Amino acid sequence: MVPVTKTVYLIRHAESDENRRLASLSKSVKGLGRLRLPRKADLVASIELINLPAQIDSDVSPVGKAQINALGRKIASDDFAKKMGIQLVAHSPLKRARQTSEGMLGCVTPNPNVTIEQDYSAEGKKAPTVGRVVELPILKERTPMEWMPKMYDAFTKRIFSFEQWLGEQPEDVIAIVGHSQYFKSMLGLPKKFKNCDVWSLQFDYSVKMSHESVKEEINTTERAEKQKKLRSKLNNALNNASPFKDEKKDEVETEGDVLHRSVEEVRESNEESEVFESANEIYEIDGVRVDDLELPRGWRELKRHYTYDPSMEEPVAPVAQEETEGKVE
C-alpha cells in the first residue's frame with residue numbers, strides 16, 4: 001500500500017506556572033536531601049501546588065513568556081509557517097497551550113467565555129498564511145485521574161481519537177500545540193520535549209489501528225519505562241550501600257554540586273526532557289539517534305526545528321543617564 005502521509009509539527013507549550021512550581025518542589029526536596037534549606041521562593045511556589053485546579057489549567061510563567069517571545073521572533077523572522085506551508089493549527093484548550101500558540105504561531109481560537117484578564121489569548125488570532133485554527137479538547141494534557149488504572153482508557157482513547165482526526169482533515173501540513181506527557185505517550189518516547197520545542201514528523205494515516213492497539217502500544221512502552229527506572233533505582237541503592245564506596249570521590253562530587261549549583265538549578269526544570277545534541281547536529285535521545293527511533297503506528301521521521309536558548313532573548317536596553325537625573329529617590 002502506498003503511504004498516505006501528512007506533515008505534522010508538534011509544539012510543546014512554554015513553561016507554565018505549574019512547571020515552575022513543580023521545578024521549585026523538586027529543588028526543595030533535593031536540597032533537603034543534601035541537608036540544604038530550600039529558598040523562600042521555592043518554598044512558596046511549592047506550597048502553591050496545593051491548589052490542584054490551578055495546576056491543571058495554569059498560565060505560562062514569566063520564563064514561559066520570555067520563551068514565547070524569543071522563539072516567536074525567530075519563527076516570524078524565518079517566515080516558518082509560510083515556508084513550511086502550515087495550513088491548519090490545532091491547539092489544546094488549556095491556557096498554557098493557547099498562549100503559546102498565539103505567541104509562537106500567531107494563531108489561537110477566540111474564547112468568549114473568559115475575559116482578557118483571565119486569559120490574554122481570549123480574543124483570538126489567525127496568521128494570514130494559515131487557513132484554519134481549531135481548538136481540540138482531546139489534546140488536553142493527561143490528567144491526574146488518567147494515571148489511575150480505571151481511567152487509563154480515557155487517556156488512550158483521546159490519543160486514538162486525535163490520530164483518527166488527523167487522518168480525516170483535508171489539510172496536509174498541520175501544526176499542533178500541546179503537552180509533553182501527551183506527545184511522549186503518543187510517540188512512545190523515552191523523554192519529553194522541552195518547553196517551546198518545535199518538532200516535525202510524517203504521519204501515515206493509512207496504517208490500520210484501533211483503540212485497543214493504541215492502548216496496548218502505550219501500555220507496553222510505559223511498562224518498560226517503569227521497569228527501567230526501577231532497575232536504575234535498585235542499582236543506585238546497591239552502589240550507595242556498597243562498603244567499598246569511594247569516600248574521596250563523594251567529597252569531590254559534593255564540592256562539584258556546590259560549585260555548579262546555579263547550573264544545576266537551571267537544568268533541573270528540564271531534566272526529564274533532555275535531548276542531546278552532537279557536534280554535527282544529529283539529535284539523540286538516550287543515546288539513540290532521533291532518525292533511528294522506532295516510532296509507533298504511522299509516525300516516522302522525527303526531526304527538531306527549534307528549541308529555546310536563553311541567548312535568543314533580546315538584551316534589555318540600559319536606562320539613559322538623562323532619564324535618571326533629577327529624579328527623587
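**View 1. Aromatic pairs of the predicted model.** Nine aromatic pairs are counted in the protein, where rings of Phe, Tyr and Trp (its six-membered ring) pair if their centres lie within 6.5 Å, and where planes under 30 degrees apart count as stacked, over 60 as edge-to-face and the rest as tilted. One of them is the tilted pair of Phe183 and Phe193, with 6.1 Å from centre to centre and 45 degrees between the planes. This pair links distant parts of the chain, since Phe183 belongs to helix H8 (residues 180-187) and Phe193, ten residues apart from Phe183, to the loop between H8 and strand S5 (198-204). Helices (H or I, at least four residues) and strands (E, at least two) are DSSP runs, numbered from the N terminus. The model is a predicted one, in which local features need pLDDT of at least 70 and side-chain atom pairs count only at pLDDT 80 or more, while totals for chains, interfaces and linings use all residues. Residues are numbered from 1 along each chain as its sequence is written, and side-chain values use heavy atoms, with hydrogens and water left out.

View 2. Trp199, like Phe193, is buried. Ring pairs join Phe155, Phe162, Trp165, Tyr182, Phe183, Phe193 and Trp199 into a cluster.

**View 3. Arg142 over Trp147.** Arg142 lies over the face of Trp147, at 3.7 Å from the ring centre. A charge sits over a ring if NZ of Lys or CZ of Arg is within 6 Å of the ring centre and within 35 degrees of the ring normal.

**View 4. Helix H4 against helix H6.** The axes of H4 (residues 62-77) and H6 (residues 95-105) come within 7 Å and cross at roughly 40 degrees; axes are lines fitted to C-alpha atoms, for helices over the stretch in contact, and angles run from 0 to 180 degrees between N-to-C directions. From H4, Ile68, Leu71, Gly72 and Ile75 meet Gln99, Thr100, Gly103 and Met104 of H6, where contact means heavy atoms within 4.5 Å. The residues of this contact divide into four nonpolar, four polar and no charged, with Ala, Val, Leu, Ile, Met, Phe, Trp, Tyr, Cys and Pro counted as nonpolar, Asp, Glu, Lys and Arg as charged, and the others, Gly among them, as polar.

**View 5. Helix H6 and its residue Arg98.** Because ten of the eleven residues of H6 are buried, this helix is largely enclosed by the rest of the structure. Among the buried residues are Lys95, Arg96, Arg98 and Glu102. Arg98, placed in H6, counts as buried at 1% relative accessibility. Leaving aside residues up to four places away in sequence, Arg98 touches several residues, including His91, Asp119 and Glu135. Just after H6, Gly106 takes a positive phi of about 65 degrees.

**View 6. Thr220 in helix H9.** Thr220 is placed in helix H9 (residues 211-241) and counts as partly exposed, at 35% relative accessibility. Thr220 and Gly188 are 32 residues apart in sequence and 9.2 Å apart in space, C-alpha to C-alpha.

Methods:
Buried means under 20% relative accessible area, exposed over 50%, partly exposed in between (1.4 Å probe, protein chains only).
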